[in-house]
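These are my notebook entries on one model. I record what I looked up, entry by entry.

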Amino acid sequence: MTELMVQTDGLTKRYGSGDHRRLAVDSVSMTVRRGEVYGFLGPNGAGKTTTLRMMLGLVRPTAGSVSVLGRPAGRPEVTARVGALVEGPGFYPFLTGRDNLLVMARYRGLPERVVDAALERVDLADRGDDRFKSYSLGMKQRLGVASALMGDPNLIVLDEPTNGLDPAGMADMRALIVALARGGQTVLLSSHLLAEVQEICDRVGVIDNGRLLRESTVADLRGSASLRLRAEPVDRALAVAMRVAGDDGVRVLGDELVLELPATAAPGLVRDLVAARVDVHEVASRERTLEEVFFEMTTTHRNDETEEALR
Ligand SMILES: Nc1ncnc2c1ncn2[C@@H]1O[C@H](COP(=O)(O)OP(=O)(O)OP(=O)(O)O)[C@@H](O)[C@H]1O
């Protein structure tokens, strides 16, 4: 089986027409590898759901391509091996959890025995005969995941699986996702919860305004410690920082400059700043959380005007 479970190339989706055209996904090229938990991370409206729907063959791309399990997305032979929970499945409120899954299993041509295995997997076996409408939000969400797990798919796609869950429900869902990956399944999940992604994902893709800003391992994304600098005048400090760290190695974050440099680079940097008659107020080395990285990325993205003003 292919090592690349998902591969998109220049994937683009434009909704609407005329003045109402909206570029929801803009030339996204990303890959999900076999056996990993891939976190698709982005704020509301970033384009996550649209991208996932294109991967599932539910939305037709405007441009670019997407292959899943080595085949074009949406082919029946692919769909049969992909389990998905995207924007909550429609369950019948008056049917039991088990009967809801039975309806889905029959529709998908799966044997009835997959239902109990899936209920077992999400820890709902003892509540399977209760009506869906009596379930708590966490149980409803778990039933949704159970529906995605039926038939042991190779790839499981979960759109914001912890949305609306309380902390205990979130922890249960995270444990379940990790267990799935340990069992050899590949999980692609979207989330805007950075701490969650940091905890359970092997690799992440960060999307904002329809564009994939970065794709890497969580460790690489957080990077080795960066240097944070507060110095004046800012324009001169920025010029020195860019000379030392490279044009792409410096970002403006509020009144700080963030340099992609290890702590060992601090003395040299300070010497250069002083030589350029820059007053150094603070230099600090720190490992960043994914949340900070994400915030920096998205604000840097939007802060082009700030950077422009500093040039
Ligand atoms: N069917 C549609 N018709 C028109 N615009 C759409 C449609 N679906 C999504 N959009 C727009 O495309 C953009 C991306 O939406 P999308 O739902 O993919 O983002 P998201 O990252 O999943 O956000 P959220 O976390 O809020 O679900 C948004 O601006 C949204 O309003």
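**Entry 1. The ligand shell.** I looked up which element gives the most to the shell around the ligand, and I found helix 1, with 3 residues. I take helices (H or I, at least four residues) and strands (E, at least two) as DSSP runs, numbered from the N terminus. Strand 2 (22-28) and helix 1 (48-55) each supply at least two residues of this shell. There are 13 residues around the ligand, and I noted Tyr15, Ala24, Asn44, Thr49 and Thr50 as those that come nearest. By class, I recorded 3 nonpolar, 8 polar and 2 charged residues in the shell. The classes are Ala, Val, Leu, Ile, Met, Phe, Trp, Tyr, Cys and Pro as nonpolar, Asp, Glu, Lys and Arg as charged, and the others, Gly among them, as polar.

**Entry 2. Provenance.** I note that this is a predicted model, in which local features need pLDDT of at least 70, side-chain atom pairs count only at pLDDT 80 or more, and totals for chains, interfaces and linings use all residues. Residues are numbered from 1 along each chain as its sequence is written.

**Entry 3. Helix 1.** I checked burial along helix 1 and found 8 of its 8 residues buried, so the helix is largely enclosed by the rest of the structure. The buried residues are Lys48, Thr49, Thr50, Thr51, Leu52, Arg53, Met54 and Met55. I call a residue buried if 20 or more other C-beta atoms lie within 10 Å of its own, exposed if 12 or fewer, and partly exposed in between, with C-beta atoms placed from the backbone. After helix 1 comes Gly57, where I read a positive phi, near 75 degrees.

**Entry 4. The chain as a whole.** I counted 12 helices and 15 strands in the protein chain. The C-alpha trace spans about 75 × 45 × 35 Å along its principal axes. Of the 311 residues, 36% are buried. I also looked up contact separation: among contacts with a separation of 6 or more, 70% join residues 24 or more positions apart. Two residues are in contact if their C-beta atoms, placed from the backbone, lie within 7 Å.

**Entry 5. Helix 3 against helix 4.** I examined helix 3 (residues 97-107) and helix 4 (residues 113-121), whose axes come within 9 Å and cross at roughly 130 degrees. The two helices are therefore oblique to each other. Axes are lines fitted to C-alpha atoms, for helices over the stretch in contact, and angles run from 0 to 180 degrees between N-to-C directions. Angles under 35 degrees count as roughly parallel, over 145 as roughly antiparallel, 65 to 115 as roughly perpendicular and the rest as oblique. Helix 3 passes helix 4 in a right-handed crossing. A crossing is left-handed if the near helix is turned anticlockwise from the far one by less than a right angle, and right-handed if clockwise. Gly97, Arg98, Leu101, Leu102 and Ala105 of helix 3 make the contact with Val114, Val115, Ala118 and Leu119 of helix 4. I sorted the contact of helix 3 with helix 4 into 7 nonpolar, 1 polar and 1 charged residues.

**Entry 6. Helix 3 against helix 5.** I then found that the axes of helix 3 and helix 5 come within 10 Å and cross at roughly 30 degrees. That makes helix 3 roughly parallel to helix 5. Their crossing is right-handed. On helix 3 the contact uses Gly97, Asn100, Leu101 and Met104, and on helix 5 it uses Leu143, Ala146 and Ser147. The residues of this contact divide into 4 nonpolar, 3 polar and no charged.

**Entry 7. Backbone details in loops.** I looked up the peptide bond from Glu232 to Pro233 and found it cis, with omega near -5 degrees. Pro233 lies in the loop between strand 12 (226-232) and helix 9 (234-245). Asp152, not a glycine, has a positive phi of about 50 degrees. Asp152 sits in the loop between helix 5 (137-149) and strand 8 (155-159). I count Asp152 as partly exposed because it has 16 C-beta neighbours inside 10 Å. Glu160, also a residue other than glycine, has a positive phi near 45 degrees. Its place is the loop between strand 8 and helix 6 (167-182). Glu160 counts as buried, with 22 C-beta neighbours inside 10 Å.

How values were computed:
Near = placed C-beta within 6 Å.
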